[in-house]
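Hi,

Here is the structure I promised to pass on.

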Amino acid sequence: SFYGLYMTQTNYLMGSYEEEWNADLTSMDATSLISLSTAVAYTVPFAGGMLADAYLGDYKTILAGMATFYLPGLFLIASSTAPNWWLGTEAFNVATYKLALLLLWPVKTDTVKAVVNIFGARQYHPVLQRSMVESFYVQFYMVINVGAVAGCIIVPIVAQKSGITVAYAIPFVLLLVALLFFVAGSRRYVKVAPQGRGAPPSATEGGLAEDEERVVRDEDKLDFRDVARICALIIPFNIV
């Protein structure tokens, strides 16, 4: 869904697919907007990983991200391709589109991406099924790269042949189906509890005294301000 939309967004914003209904942006403005969205997408995995490890756990992070950010973002982007009662019928709703493009869609695109591979690997025993873990990673990255190539090919072709609305509906529908399958298998998953913001397991398992353990916990404490500083260093490189 990410690469399929990414390959078509600039032309869509310039009106190449729908001359009568579009954002009517110049090439420079459209490119800048897409670049900013990409910068956000490649910056947030740090926050996603921290959210999963310290607060929600992998499963809840994936579920919450898909349901509250990813799917709503795709829905708004797909809805913006035609006049409708919830986004308006008189003019293209640029504000809502920017909300979806710069926040909802990119934030959970790479937040989920940063967690889902780890969640999949944790379904295997790290020692007894080590070879299966390695096989899983090979198959996982093969599948997502095949999907990315397919999205780059299929979505632009559909946009030209059947219209941009149909093209953008495809990622939304497929992701919705994937979410339903993901939820359907919930009882079978290994769900690792979040570690919280305390000390790493080695600190508590090593029999440290309470005062020493508290020092380790304070030194290793990490919050979103620390992650934000790290993420901020990435934004200029992504924009360039």
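The protein chain has a mean pLDDT of 82, and 81% of its residues reach 70 or more. Helix H7 (residues 164–184) has the highest mean pLDDT among the elements, at 93, while helix H8 (residues 201–205) has the lowest, at 43. Over residues 199–219 pLDDT stays under 50, and the model has 12 contacts for that stretch beyond four places in sequence. Where pLDDT is low, the predicted coordinates should not be read in detail.

**The overall picture**

What does the secondary structure come to? You'll find 10 helices and zero strands. Buried residues account for 37% of the 240 residues in the chain. If you take contacts between residues at least 6 apart in sequence, 73% of them join residues at least 24 apart.

**H1 and H4**

Back to that cut-off. Helix H1 (residues 2–14) and H4 pack at an angle of about 30 degrees, with 13 Å between their axes. H1 and H4 are therefore roughly parallel to each other. On the H1 side the contact is made by Phe2, Leu5, Gln9 and Tyr12, and on the H4 side by Tyr70, Leu74 and Ile77. The two helices cross in a left-handed way.

Thr8 also sits in H1. Is Thr8 buried or exposed? It's buried, with a relative accessible area of 0%. Leaving aside neighbours within four places in sequence, Thr8 is in contact with Tyr17, Val155, Pro156 and Tyr168.

**H4 and H7**

Helix H4 (residues 58–79) has another partner in H7: their axes come within 10 Å and cross at roughly 160 degrees. That makes H4 and H7 roughly antiparallel to each other. This crossing is left-handed too. The residues that meet include Leu63, Met66, Tyr70 and Leu74 from H4, and Phe172, Leu175, Leu176 and Leu179 from H7. Tyr70 and Leu74 of H4 also turn up in the contact with H1.

Tyr59 is another H4 residue, and it is one of those that meet H7. At 14% relative accessibility, Tyr59 counts as buried. Tyr59 and Val116 are 57 residues apart in sequence, yet 8.3 Å apart in space, C-alpha to C-alpha.

**H6**

Helix H6 (residues 130–161) has 32 residues. From its first C-alpha to its last, H6 reaches 46 Å, which is close to the 46 Å expected at 1.5 Å a residue. Buried positions in H6 include Phe136, Phe140, Gly151, Val155 and Pro156. Val155 and Pro156 are among the residues that contact Thr8. After H6 comes Gly163, whose phi is positive, near 110 degrees.

Which residue has a positive phi of about 55 degrees although it is not a glycine? That would be Asp24. Most residues other than glycine have a negative phi. Asp24 lies in the loop between H1 and helix H2 (27–41), and it is exposed, with a relative accessible area of 62%.

Phe92 is found in the loop between H4 and helix H5 (94–121). Not counting residues up to four places away in sequence, Phe92 touches Tyr12, Trp21, Asn22, Ala23, Ser80 and Tyr97. Asn22 is 70 residues from Phe92 in sequence, and their C-alpha atoms are 6.0 Å apart in space. Tyr12, as noted above, is one of the H1 residues in the contact with H4.

That's what I have for now.

Cheers

How values were computed:
Residues numbered from 1 in each chain as written. Predicted model: local features only at pLDDT ≥ 70, side-chain atom pairs only at ≥ 80, totals over all residues. Heavy atoms only, no water. pLDDT = per-residue confidence, 0-100. Helix = DSSP H or I, 4+ residues; strand = E, 2+ residues; numbered from the N terminus. Contact = heavy atoms within 4.5 Å. Expected span 1.5 Å × (residues − 1). Buried < 20%, exposed > 50% of the residue type's maximum accessible area, 1.4 Å probe, protein only. Axes fitted to C-alpha atoms, helices over the stretch in contact; angles between N-to-C directions. Parallel < 35°, antiparallel > 145°, perpendicular 65-115°, else oblique. Left-handed = near helix turned anticlockwise from the far one by under 90°.
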